[in-house]
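I am opening my notebook to record what I looked up in this structure, entry by entry. Conventions come as they are needed.

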Amino acid sequence: MGNKKVKWVAPVALASIVGLTACGGASSDNRSAEEVESGPISFSLFSADSNSNWVGMKDAVGAAITEKTGVTLDAEYAIGGDTQKVSLMVASGEYPDLIMPKGDTSKLVDAGALVDLTDLIEQYAPNIKKMYAEDMNRLKYSKEDQSIYIIPTYTGVGQTTFDAGGGFELQLEVLKELGYPEIRTLEDFEKAIKEYYEKNPTINGQPTIPLSLNADDWKMMIGVTNPAFLATGLPDNGEFAINPDTYESQLHYKRPEEKEYFRWLNKMYNEGLLDKETFTQKSDQYLAKISSGRVLGTINQEWDYSEAENALKGSSDPTTQNRIYGHFPVTLNEQYKDHSFMDVGFPGGYGIGLTTNLSDAEQIRAIKFLDFLASDEGQVLVQWGVEGDHYNVEDGKRVIPQEIQDRKTNDNVAFTKETGIGMYTTMSPHYGDGVKDETGNYYTTNFPEQIQNAYTQPEKDALKQYNATTWKDLFPQADELGTSAWGAAYNLPAPNDSSYTVSFQKSQDIVRKRIPEAILAPADQFDTIYDGMLEELNADDILEMEKIFSQQIKDTVELWGTGK
Amino acid sequence: MGTLTPGGSSNRNPGTPAADALAGKRFKKQGFWRTALQQRYLYLMSLPFVIWAFIFSYLPLWGWTMAFQDFKPAKGFFEQKWVGFEHFVELFSDDRFYLALRNTLAMSVMGLVVGFVVPIIFAVLLNELRGMIFKRFVQTVSYLPHFVSWVVVAGLVTKMLSTQGGAINDLLVGLHIINEPIQFMAKGEWFWYIVTASDVWKEMGWNTIIYLAAITGIDPELYEASRVDGASRYRQMWHITLPGIRTTISVLFIMQIGHLLQIGFEKQFLLGNNLVLEYSQVLELYALQYGLQMGRFSYGTAISIFNSVVSVILLFTVNGIFKRVSKESIM
């Protein structure tokens, strides 16, 4: 036992440690055949959306799903609008078992990472098959590759929307004080804000903010550029305006009428009505302002600011409770109609897919899992919760007890974490609002009576003044707006060749910089800056990009068989 | 009895500097293999680290081949299409790349200059403080921001510079220096300064630590001697303290130069907004957006090769200059 021996030990040990760590990553999870077929099994899941409420299926609905199917999900949700995660997966070749890639589907398809679900659905998923019966074509990936990679779960089949969450928003308190005026055009909207602002320069001791928008990063599309086409009578097709006859597409900001919309924002800014911090504030600052009750009007989608609005709803002060927002179909002038509620058919789009990480047997198990979620039993569980705990059946009708509904409205975050209601909807193939099951009950909890029940008292009061039962009643209805042959273009997979993606990104860089610049300019410089932007957007590569997109729309229409 | 420390018995192993020098001389005479055999335990001990460095630093360089291919994931190496320098040509003909390069260099150089001068001055001044408790207190307070995440710092900065109740604007308006609040965050040309200033606030104290440590290494006799000779405090700082930490400064400076293009993107990403895009876009953000996020792995790799090559050139140039001018270098 001399020095000699000891001297050997350290290097050898170190070397073997290095060796071991180098090999460590290679082992894969081997599941026994039996386990795969029916035993408890765990699938990993990645979603490109964030979800701060996920508690690892320990919620009531999650536990019930595990009990029924034996499946536990090990889910990872992206932070913010994370788009690099999927790219990284593709680069490393390591995929989760189930994936919800949002707009990044094409990257996964190119890498051969997604499983074609056509046969799996045919053989093992009767419920899914039944659900998409008429719309199976719309699940196909593209004209060249007619495989089904993604089951669309972000949108409900047969969806009828019963409430408006978009349009232009005004505080109920403003409406009340002004005697509930008609809000139809930008002029009406501006007048209401102005009048109230003159009378109330401060709210709760702090300066009133007449109009504030959320323009942080990609939210600028929601809060600044999308309203431009909404106010000029176009449906949402992402960044494009599509000619319904020729399917020729162009970036929608190129339309002259939208320039007038931005000119209006410019005017609002120069009159001191548009929040000076609109383009420098971050999302959380915007939300803080909304929840302080000082913002009279905003132009946004409710899902973006509902968090802040919930804080107002939960206040004990009746005036503060009245500082939540109503939705109005505001357009540039009477000539245009808000197209929010255009019937686009089943739009397909974002959803859930299986990756090649799963063995054949595991794929069957996974599709059966999704099929359970798509079954009537699964649907009711996901949407309504557990019978007896979250809803009761009275005379054959599903009813949510009042105290549960109250918690859902006023204490939504804790309620979701605890019960899991609403959390599994975006991963389940599901029916939309307004579809009834065999028992004559709605699949979802959003139906006219339920929506009206969920309104707070101030909302009910305001709606009454407008002779409406929901905000949607104020909007132009689907039957007067026509249909779309390509669904909603923002929901289609984007072309993946780099000449498209690079030019598209370039166009977005231009728009995100120039439009704020134009809005914040002195009125006499607005035209110069906006026209300068249009010139930049007419560069050859961007025109080429628009052509590729037009072709994509044409192909989609052909694939779906919805053309004229 | 010391048996557990390998290499501890100095008379049998050439571990001490003197023995090393001896071995060096013998090396020339006796040839490499003989020395290697003699020092086999030393070689063996360094082997894991050589393997380590090879696996984690050199092996990944293989990935550089991607920049010369039209890389598609999930295809084998031999199935990839080779495109030569196409991605580099595209990179060097993209205006946005030059914009990103300009912003990176501008913020990097500003950060380098301020990030060196301020901590050195601060360290020298701190060193002159007499009250031990006060000194410790100042030091602790000044380096605490280092542990605050950039997300939080960005929030603080935005709030401070806000036009609605932001401290800076309130102060300036209150003192009647300006009439109306300034929209600091909306001015592109100010963006670089805002980033540099927040960086100084966050990292000044932390960067001071290493200089303070170097200062404590200076022989106190030098100060005593100079005092006897009648040197004032400023003289002492100038002739003893600063020359005393010169080596540390040079080494850190050379290493910083090597990182000139790699300034990260957290600051720019978190403090920037759409209005200042022309000043906030940096190379790493560009690589992320136009490379990785679009799934253009080859293009992203090309950017990273450019980065590395420029960094290596910069490092060697500066190192060479220092070697010649001041005889201090890191290689």
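I count a residue as buried if 20 or more other C-beta atoms lie within 10 Å of its own, as exposed if 12 or fewer do, and as partly exposed in between, with C-beta atoms placed from the backbone. The model is predicted, so I note that local features need pLDDT of at least 70, that side-chain atom pairs count only at pLDDT 80 or more, and that totals for chains, interfaces and linings use all residues. Residues are numbered from 1 along each chain as its sequence is written, and chains are lettered from A and ligands numbered from 1 in the order in which they are written.

Entry on backbone angles. Most residues other than glycine have a negative phi. I looked up A:Lys102, which is not a glycine and yet has a positive phi of about 50 degrees; A:Lys102 sits in the loop between β3 (98-100) and α5 of chain A, where helices (H or I, at least four residues) and strands (E, at least two) are DSSP runs numbered from the N terminus. With 19 other C-beta atoms within 10 Å, A:Lys102 is partly exposed. A:Tyr180 also has a positive phi, near 50 degrees, and lies in the loop between α8 (172-177) and α9 (186-199) of chain A; A:Tyr180 is partly exposed, with 17 other C-beta atoms within 10 Å.

Entry on A:Asp338. Is A:Asp338 buried or exposed? I find 26 C-beta neighbours inside 10 Å, so A:Asp338 counts as buried, and I place A:Asp338 in the loop between β12 (325-328) and β13 (351-354) of chain A. Leaving aside residues up to four places away in sequence, A:Asp338 touches A:Gly167, A:Leu230, A:Pro329, A:Thr331, A:Phe475 and A:Pro476, a contact being two C-beta atoms, placed from the backbone, within 7 Å.

Entry on helix pairs. In chain A, the axes of α12 (residues 283-291) and α13 (residues 302-313) come within 8 Å and cross at roughly 30 degrees; axes are lines fitted to C-alpha atoms, for helices over the stretch in contact, and angles run from 0 to 180 degrees between N-to-C directions. α12(A) and α13(A) are therefore roughly parallel, the term for angles under 35 degrees, whereas those over 145 are roughly antiparallel, 65 to 115 roughly perpendicular and the rest oblique. In chain B, the axes of α15 (residues 283-290) and α16 (residues 297-326) come within 8 Å and cross at roughly 165 degrees, which makes α15(B) roughly antiparallel to α16(B). The residues making this contact include B:Leu283 and B:Tyr286 of α15(B) and B:Tyr299 and B:Ile303 of α16(B).

Entry on domains and chains. The assignment, automatic or from a database, gives chain A domain 1 (14-160 + 346-427) and domain 2 (168-339 + 493-502 + 512-539), with 34 Å between their centres, taken over C-alpha atoms. Eight residues of domain 1 of chain A are in contact with eight residues of domain 2 of chain A, and α5(A) gives the most to the domain 1 side, with four residues. Between the chains, the contact takes 36 residues from chain A and 36 residues from chain B; α1 (3-24), α4 (84-92), α5 (105-110) and α21 (498-519) of chain A each supply at least two residues of the chain A side.
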